[in-house]
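Visitor: I have a model to look at. Can you walk me through the rings and charges?
Guide: Gladly. Here it is.
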Amino acid sequence: AGQALYSSQGCQGCHSVDGSKVVGPSWKGIYGHQVELEDGTTVTADDAYIHESIVQPQAKIVKGFTTVQMPPFASMTDQQVADIIAYMKTLE
């Protein structure tokens, strides 16, 4: 379901799943790892961080992606967000 949402919601236009750099950070291998933010802090890419990044994408900006203006996906259901996170977990 998460892979289908990756396509249907347009995520693939900005986020790769193979590690290549495009407009936004790649999803490959990100889950569970540390992410450096623009303010110099780091966060773990866990369920809570990814959920926040989908519904409030400007809350914590990944270093090097300040010019990216990801639209908020606040209309996505919690289940849809969980499906995307589950898909991200498979991208090691």
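Visitor: How many aromatic pairs does a search of the whole structure find?
Guide: Three. Rings of Phe, Tyr and Trp (its six-membered ring) pair if their centres lie within 6.5 Å; planes under 30 degrees apart count as stacked, over 60 as edge-to-face and the rest as tilted. This is a predicted model: local features need pLDDT of at least 70, side-chain atom pairs need 80 or more, and totals for chains, interfaces and linings use all residues. Residues are numbered from 1 along each chain as its sequence is written, and side-chain values use heavy atoms, without hydrogens or water.

Visitor: Why is the pair of Y6 and Y87 called tilted?
Guide: The planes stand 55 degrees apart, with 5.8 Å centre to centre. Y6 lies in helix α1 and Y87 in helix α3, so the pair ties together parts 81 residues apart in sequence. Helices are DSSP runs of H or I, at least four residues, numbered from the N terminus.

Visitor: What makes W27 and Y87 edge-to-face?
Guide: Their planes are 70 degrees apart, and the cut-off is over 60, so the pair is edge-to-face. The centres are 6.5 Å apart. Y6, W27 and Y87 form one aromatic cluster.

Visitor: Why does W27 count as buried?
Guide: Its relative accessibility is 8%. Buried means under 20% relative accessible area (1.4 Å probe, protein chains only), so W27 qualifies. Y87, at 12%, is buried too.

Visitor: How do you know that the charged end of K21 sits over the ring of F65?
Guide: The charged end is 5.3 Å from the ring centre. The rule asks for NZ of Lys or CZ of Arg within 6 Å of the centre and within 35 degrees of the ring normal. K21 counts as sitting over F65.

Definitions and conventions:
Helix = DSSP H or I, 4+ residues; strand = E, 2+ residues; numbered from the N terminus. Buried < 20%, exposed > 50% of the residue type's maximum accessible area, 1.4 Å probe, protein only.
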